[in-house]
Amino acid sequence: MTTRTSAVALTFVLLMAVSLSAQTMAGPISAGEMRRLRSSAAKGDTAAQTQLGQRYSVGDGVPRNPWLAASWWRKAAEAGVAEAQHGLATLYYDGRGLPRDYRLAARWWQRAAEQGHAQSQQRLATLHYHGLGVVKDYG
């Protein structure tokens, strides 16, 4: 990894940390609420799948588990939920719960960006600027 790529990666990680800390968390969740949330998610409720992905990604009311975050976000992402696509892309970019893969991060950020997801648009532009997983493009 070049010094420039390392600096880009560090900047991105810092931006992600600030972004995640700025998000409001729902806080503790009761065992009953968690059962209902998992049940809804298992039945295909994309809002519940997205919420579980977020909770497991940051350890909000549950133990932090990036692998489970990826699993739930993938279900909602494949159904077209932009927030889940963004979350899944971030895990691919960071290599948390999934192998680091800039191409797959770009693919999921592209899908979310096409739906108007502003953070995904910015992150996708950064990938293009640095040529990470996509063709380098300063346009």
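Helix H6 (residues 102-113) packs against helix H7 (residues 118-130) at an angle of about 140 degrees, the axes lying 8 Å apart. Axes are lines fitted to C-alpha atoms, for helices over the stretch in contact, with angles running from 0 to 180 degrees between N-to-C directions; helices (H or I, at least four residues) are DSSP runs numbered from the N terminus. The model is predicted, with pLDDT of at least 70 needed for local features and 80 or more for side-chain atom pairs, while totals for chains, interfaces and linings use all residues. Residues are numbered from 1 along each chain as its sequence is written, and side-chain values use heavy atoms, without hydrogens and water.

H6 and H7 are therefore oblique to each other (angles under 35 degrees count as roughly parallel, over 145 as roughly antiparallel, 65 to 115 as roughly perpendicular and the rest as oblique). Contact (heavy atoms within 4.5 Å) involves residues of H6 including Tyr102, Ala105 and Trp109, which meet Ser120, Gln121, Arg123, Leu124 and Leu127 in H7. The residues of this contact comprise eight nonpolar, three polar and one charged (Ala, Val, Leu, Ile, Met, Phe, Trp, Tyr, Cys and Pro count as nonpolar, Asp, Glu, Lys and Arg as charged, and the others, Gly among them, as polar).

Helix H5 (residues 82-94) also packs against H6, the axes coming within 8 Å and crossing at roughly 165 degrees. H5 is therefore roughly antiparallel to H6. Among the residues that meet are His86, Leu88 and Tyr92 in H5 and Leu104, Trp108 and Arg111 in H6. Eleven nonpolar, three polar and one charged residue make up the contact of H5 with H6.

Key
Helix = DSSP H or I, 4+ residues; strand = E, 2+ residues; numbered from the N terminus.
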